[in-house]
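Keep the structure open while reading.

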Amino acid sequence: MPLYKLTARLEEMKKLIQDENKIINCVADVGCDHGYLSVDLLESGICKSVIASDISKPSLEKASQLASSMGVEDNMKTVVSDGLSHLDDGQAQVIAIAGMGGELISEILQKNESVARSAEKIVMQPMSGFEELRRFLYNNSYRILEERLVKEGRRIYQVMSVVSGDAEPLPDWWNENMFFVGYDMFKNHDALIEELLLNLRKKYCRSLDNSSVQPENLIKNIADIDVLLEKLKEENNEN
Ligand SMILES: C[S@@+](CC[C@H](N)C(=O)[O-])C[C@H]1O[C@@H](n2cnc3c(N)ncnc32)[C@H](O)[C@@H]1O
């Protein structure tokens with residue numbers, strides 16, 4: 001019986017972290033909890049060392065125990081820390097932040113900005129707050145490198161990698177309210193984009209039925225989803 005197994009969501013994080021051309025010196029796994037990703041990155045030889053951190057001591061203890069059981073403890077430093085506060089500029093070439101809300105991720109990047117900007121790549125998997133996170137990234141000069149969707153059970157997760165630098169311009173028809181999905185996954189016709197948009201549409205329609213206050217935002221979201229679905233249809237017909 002294996003001690004841990006990466007699910008599809010963390011497998012996708014791993015793929016975006018990996019550099020095909022080199023073994024990464026150091027990855028910082030922020031909010032590592034059980035430590036599955038940290039340990040797996042070492043086990044699979046994607047990086048030489050990991051700094052695994054969590055704001056919760058009990059979480060970190062789980063990660064330390066797993067590292068010892070898997071025999072990778074010499075290359076995995078564990079530290080109780082809020083966000084990136086334990087890191088020096090350039091200490092981690094890749095910063096991984098998975099399983100937190102988008103607003104919290106934005107706050108973490110903002111709080112220790114020079115550490116975040118010194119990384120070669122930041123790989124993130126927000127659980128919620130996608131609009132807030134993307135708005136933060138676009139308004140604060142982070143360039144999206146890749147965005148992907150991955151399905152685990154019935155849920156579709158969003159995974160993205162970014163780097164400090166000028167954002168790629170978005171097309172005229174794209175507006176900031178569409179940040180519940182990434183332009184990149186739309187442009188690249190991610191296999192799950194249509195399903196994600198339809199799921200979101202259903203969710204917003206349900207909220208609309210149950211809400212009497214401020215339905216304008218929901219109506220706007222549904223209208224934006226319809227624009228995106230229409231664009232997808234047009235592009236599929238062209239190809
Ligand atoms: C849902 S778990 C995700 C664990 C793992 N990264 C994953 O994706 O499977 C979120 C973890 O983030 C940690 N966390 C929350 N806020 C944090 C912060 N400001 N700095 C570091 N860790 C934090 C929590 O203690 C928890 O262990």
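This is a predicted model. Start in strand β2 (residues 47–54), where S53 is found.

- S53 is buried, with a relative accessible area of 0%.
- Leaving aside residues up to four places away in sequence, S53 touches D29, V30, G31, C32, L60, V79, S81, G83 and H86.

**Helix pair α2 and α3**
- Helix α2 covers residues 36–43, and helix α3 covers residues 57–70.
- Their axes come within 9 Å and cross at roughly 25°.
- Angles under 35 degrees count as roughly parallel, so α2 is roughly parallel to α3.
- The crossing of α2 and α3 is right-handed.
- On the α2 side, Y36, V39 and E43 make the contact.
- On the α3 side, L66, A67 and M70 make the contact.
- By type, the residues of this contact divide into five nonpolar, no polar and one charged.
- A helix has 3.6 residues a turn, so residues three or four places apart point the same way.

**Helix α1**
- How many of the ten residues of helix α1 (residues 8–17) are buried? Seven of the ten are, so α1 is largely enclosed by the rest of the structure.
- The buried residues of α1 are R9, L10, E12, M13, K14, L16 and I17.

Terms used: Residues numbered from 1 in each chain as written. Predicted model: local features only at pLDDT ≥ 70, side-chain atom pairs only at ≥ 80, totals over all residues. Heavy atoms only, no water. Axes fitted to C-alpha atoms, helices over the stretch in contact; angles between N-to-C directions. Helix = DSSP H or I, 4+ residues; strand = E, 2+ residues; numbered from the N terminus. Parallel < 35°, antiparallel > 145°, perpendicular 65-115°, else oblique. Left-handed = near helix turned anticlockwise from the far one by under 90°. Contact = heavy atoms within 4.5 Å. Nonpolar A, V, L, I, M, F, W, Y, C, P; charged D, E, K, R; others polar. Buried < 20%, exposed > 50% of the residue type's maximum accessible area, 1.4 Å probe, protein only.
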